Each structure stands twice: as C-alpha cells, then as structure tokens.
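Hi everyone, thanks for coming. Let's walk through this one together, starting with a word we'll need along the way.

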Amino acid sequence: MTIDELQEEVIEEFSAFDDWMDKYQMIIDLGNEQPPLDPAYKTEDNLIDGCQSRVWLHAYMQDGLVHFEADSDAIITKGLIALLIRVLSDHTPHEILESDVHFIDAIGLTQHLSPTRSNGLLSMLKQIKTYALAYSQTKS
C-alpha cells in the first residue's frame, strides 16, 4: 500500500469512534501491539530529542525500503510512534520524504494531544524523515 492509502486507512479506522477516550484506547492498543524493540537498540543514539517520554527509534534499509522499529516508556507515546511506523515504514526514502503526513490532523490528534505530546509527535516525524534523508543519500 502507498503512504496515502495507509493514511486513509488510519483516518477511516479513527472515524469509527466519536469519543476521544475510544480513540486514545485505540492508540494505546496500537502501542501494545508494537513488537518490543531489541534492547540492543535502546541506546542514547536512538533516543528521539524533543520527546518528554523516552522514545527509541531504530531504522534500517533493506531492499531499497526503510524499516522502522521503536519503543517508548509511555503507553500513549508508544501508540503514537506505532501509528507513524504503520504509515511510513517499509517505503523508499523518496516516498517517505515526499509524503504529506496529513492523517495526524485528519484524525484530530493535533487538537487532542497536550502541547508536549504534540511536540513529541512532531519530533518523531522529524526523526523518521531525517533517517529517510540519510538513506536517500546512500546505496543500500
């Protein structure tokens, strides 16, 4: 699936809920479904700056696609990074860099997250795009 198709899928899933408590539960569930990150990747180098919670993001390139794995010590934050990974992982660096990540606003996250969580979410997205940029300049 393309990044836009994945975003539309997320938007559709979230639109099934009117109550934000249900949407938060869905975010928590996504985080709980996220496989644990290998402790070898829970390093200072993989910590995302700008997040109040600790969030580790590991990226690697295989067969021309960037793959992301992550973990967090906070359940909502782990769900947020899981959402980003669901949409942006397993695509080419170019696709990731050119993507307009609109699902965040479309599902109402911007309005319903605290300012610190919103900043953290933007930091996670920025780090994902930074990895994509780095991989776009290398041969895999």
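So, "buried" means under 20% relative accessible area, with exposed over 50% and partly exposed in between, using a 1.4 Å probe and protein chains only. Gln-7 sits at 0% relative accessibility, so Gln-7 counts as buried.

Quick housekeeping. This is a predicted model, where local features need pLDDT of at least 70, side-chain atom pairs count only at pLDDT 80 or more, and totals for chains, interfaces and linings use all residues. Residues are numbered from 1 along each chain as its sequence is written, and side-chain values use heavy atoms, leaving out hydrogens and water.

Where is Gln-7? In helix H1; helices here are DSSP runs of H or I, at least four residues, and strands are runs of E, at least two, numbered from the N terminus. H1 covers residues 3–15. Its buried residues are Ile-3, Leu-6, Gln-7, Val-10, Ile-11 and Phe-14. Remember, an α-helix has 3.6 residues a turn, so residues three or four places apart point the same way.

And what do the buried residues of H1 pack against? Helices H2, H3, H4 and H5.

Back to Gln-7. Leaving aside neighbours within four places in sequence, Gln-7 is in contact (heavy atoms within 4.5 Å) with Val-87, Asp-100, Val-101, His-102 and Phe-103. A polar atom of the Gln-7 side chain lies 3.1 Å from the backbone oxygen of Asp-100.

Notes
Expected span 1.5 Å × (residues − 1). Polar contact = N/O pair within 3.5 Å; in protein donor to acceptor, adjacent residues only side chain to side chain.
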